Amino acid sequence: MLIKTVNFGDLEIPEDRIIEFSEGLPGFPRIHQFAVLELEEVKPFQYLQALGEPPISLLVINPFLIDSQYAFQLSSMDMEEIQATQSGDLMVCAVAAIPENPEEATVNLMAPIVINEKARRGKQVIMLDTKYSLRHPLFKKADGAGAATEVK
């Protein structure tokens, strides 16, 4: 599939890299196909690129790099929707927001995106009863003296 992107120009996405989101994503319910773009220059971040209109691209990161104790529960319906039998087989990512001042960057730990890469199915899971935030700081302040990254 050839797609036109705002950030990356024209890209050829192999059919086996297309991830189907049956419900779309919150805010983008009509976009059902995405691809994960891995670019060396932004690692450990990746992009979740929409393959429909509008041509959006979400910056994502593995939430376990932000909080090694990160945990969430998938319901049996969630697992069924993404055609998964074991949570260990899933790719998990969280949407990051990088404002003009990168020290104020945040990551949405309240609504992880889970992807079954084998079945090429994905879903964003919104946790309602959680300690996690929509705007978890990507960088921690080190004793109030400056920014110290938690990203590994």
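**View 1. The largest nonpolar core of the predicted model has 20 residues.** A nonpolar core is a set of buried Ala, Val, Leu, Ile, Met, Phe, Trp, Tyr and Cys residues joined through side-chain atoms within 4.5 Å; buried means under 20% relative accessible area (1.4 Å probe, protein chains only). Ile13, Phe45, Leu51, Val107 and Leu109 touch the most other members. At least two residues of this core come from each of strands S4 (33-37), S6 (57-61) and S7. Strands are DSSP runs (E, at least two residues), numbered from the N terminus. Apart from this core lies another, of 15 residues, among them Phe21, Phe34, Ile56 and Leu58.

**View 2. Surroundings of Phe45.** Neighbours within four places in sequence left aside, Phe45 is in contact (heavy atoms within 4.5 Å) with Leu59, Val60, Ile61, Ala96 and Leu138.

**View 3. Strand S9 (residues 113-116) is covered on both faces.** In a regular strand, side chains alternate between the two faces of the sheet. Ile113 and Ile115 are buried on one side, and Val114 and Asn116 are buried on the other.

**View 4. Strand S9 and its antiparallel pairings with S7 and S10.** Two strands pair if DSSP finds at least two bridges between them. Strand S7 (residues 90-97) is joined to S9 by 4 bridges, with Cys93 partnering Ile113. Another 4 bridges join S9 to S10 (residues 121-124), where Ile115 stands opposite Gly122. The hairpin of S9 and S10 has 4 residues between the strands, and Arg120 takes a positive phi near 55° there.

**Notes.** Residues are numbered from 1 along each chain as its sequence is written, and side-chain values use heavy atoms, leaving out hydrogens and water. In this predicted model, local features need pLDDT of at least 70 and side-chain atom pairs count only at pLDDT 80 or more, whereas totals for chains, interfaces and linings use all residues.

Terms used. Buried < 20%, exposed > 50% of the residue type's maximum accessible area, 1.4 Å probe, protein only.
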